[in-house]
Amino acid sequence: MEIVHVSAECYPVAKAGGLGDVVGALPKYQNGLGHNAKVIMPMYRTKFLSNNEWDVVHKGYTHLHDYWFNYTVIREATNKLGFELYLVDIYGLLDRDKIYGYGDDTERFFSFQIAVSDWLNTWSNTPDVVHVHDHHCALIPFMFKYCFSFRKLENVATVLTIHNAQYQGQTGMEKTVYIPEWDVWKRGLLEWEGALNPLACGIRCAWKVTTVSPTYLIEMRHSSMGLEPLLEYEKGKCSGILNGIDTKVWDPATDHYFEHHYSAATADQGKQKNKEALCFEYGLDPRKPLITFIGRLVGDKGADLIPQAVEDSFYYIGRRMCFLILGSGLPSIEGHLQSIRDMSRGDYNTYIGYDEALSHRLYAGADFILMPSRVEPCGLNQLYALRYGTVPVVRNTGGLHDTVLDYGDPGGYGIRFLHASVQDMTHAIWRATELFANREMLKDVRQRMMQLDFSWEASVRAYLDLYERMRSGQ
Ligand code: ADP
């Protein structure tokens, strides 16, 4: 099958979170099963762009309402990622350092989707499936069906994967003029609660919709920032497929971001050496359990709860653990996490920023990883942690519910708590310190988690089954 993924992120080209990891791995594993999967994404000004060789494959000219623009499609020359990678360059809109966060993101991603559709429309064949990811690409199914100039694409099967329904790309209905000449009778498909809502439009117009874990799909019908009735109505075409992890990139035996490699058999010694290196660098005591958090510092991740949970842990449990926090996000949370550094007695530190290498070193060197998420569509951190023998301490929600069993339950290996509250978190941290003190049990739990298989192999088949069902009209 020829499968075209369209996404705003793809590791290692440009990544802000889990979306990048998924789009950087899924096509590689699809190709491993004999398919022809490729990725199209915007051409940001990233290191990957300047460090690789590219061929120009297409030049086009199209428009965002009355703004006519040239676009260029380039292809990575060596297929080094295990799939064909295409970048779309739009001068003045996509040629930025960051992926998101600009005042004209609506214009940037609308133009990107228009350019992608325009280019696909010139292909001599049509792909079997166009798989779009999140709201930045969710208007493509509408464009294929209802834009007069893309009529050649109207029968192309489309899949929308929702990686996070908290972000829907809403904008004013006046921006419908950006979409190239379309069937105005279909205006209702673009509108949700009085706004132009790309994610809602994608849910309506894509042939199939997936979310990144089965539990998140169920949760979304009750809580998804206003999309609940739509998801209930469209439930027949929705399914939850758990993300996998790229075990070629995420392997403690070969990970090039740190020196002390280890396997399940040598995990205790290997992790201790990585922990000592981190503790030395960040002024922490390596004899205590090292608890980390890696992620976006936003309310959805429960990051606002961390400072108080750290203080309460020190106060109620005692200074029996160390914390090392890595993240970036809301300035208020960043500031709070930095300010409590003052009270550290060699047991708390934080790195504010995005650092891929440090994240790998933390998965390897930490004993526990905190995930107090209020919303967690799948969560990749806990999957990486499991593979690296780091016990996940998670709120029981979404993909965390699907992947982490409490060590108090038969066959369990993690620590789960119910509410996104400081109290529940502090209690879970206490359980972590107790587990750490019981070396035999910690060893058992580590062995159990490192045997788990959350690789892409199973999930990739679920996606391929879905594509096959679409092709056979189911
Ligand atoms: P998200 O909701 O952010 O997509 P996921 O758990 O699905 O959450 O994926 C997060 C990914 O981003 C993981 O690979 C994690 O290691 C990485 N990550 C998040 N924040 C940072 C950071 N500040 N530095 C390095 N890696 C980060």
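Helix 1 and helix 17 are roughly perpendicular to each other in this predicted model, because their packing angle of about 75° falls in the 65 to 115 degree range that counts as roughly perpendicular. Elsewhere, an open sheet of 6 strands has parallel pairing, and helix 15 packs on that sheet.

**Where helix 1 meets helix 17**

- Helix 1 covers residues 18–32 and helix 17 covers residues 456–471, and their axes lie 10 Å apart.
- On the helix 1 side, you can look for Val 22, Ala 25, Leu 26, Tyr 29 and Gln 30.
- Their counterparts in helix 17 are Trp 456, Glu 457, Val 460, Tyr 463, Leu 464 and Tyr 467.
- The residues of this contact divide into 9 nonpolar, 1 polar and 1 charged.

**A pair of strands to trace**

- Strand 12 (residues 290–297) and strand 13 (residues 322–329) run parallel and are joined by 8 bridges.

- Helix 15 (residues 422–437) touches strand 12, strand 13, strand 15 (368–371), strand 16 (391–395) and strand 17.
- The direction of helix 15 makes about 165° with that of strand 17.

Definitions and conventions
Residues numbered from 1 in each chain as written. Predicted model: local features only at pLDDT ≥ 70, side-chain atom pairs only at ≥ 80, totals over all residues. Heavy atoms only, no water. Pairing = 2+ DSSP bridges. Helix = DSSP H or I, 4+ residues; strand = E, 2+ residues; numbered from the N terminus. Contact = heavy atoms within 4.5 Å. Axes fitted to C-alpha atoms, helices over the stretch in contact; angles between N-to-C directions. Parallel < 35°, antiparallel > 145°, perpendicular 65-115°, else oblique. Nonpolar A, V, L, I, M, F, W, Y, C, P; charged D, E, K, R; others polar.
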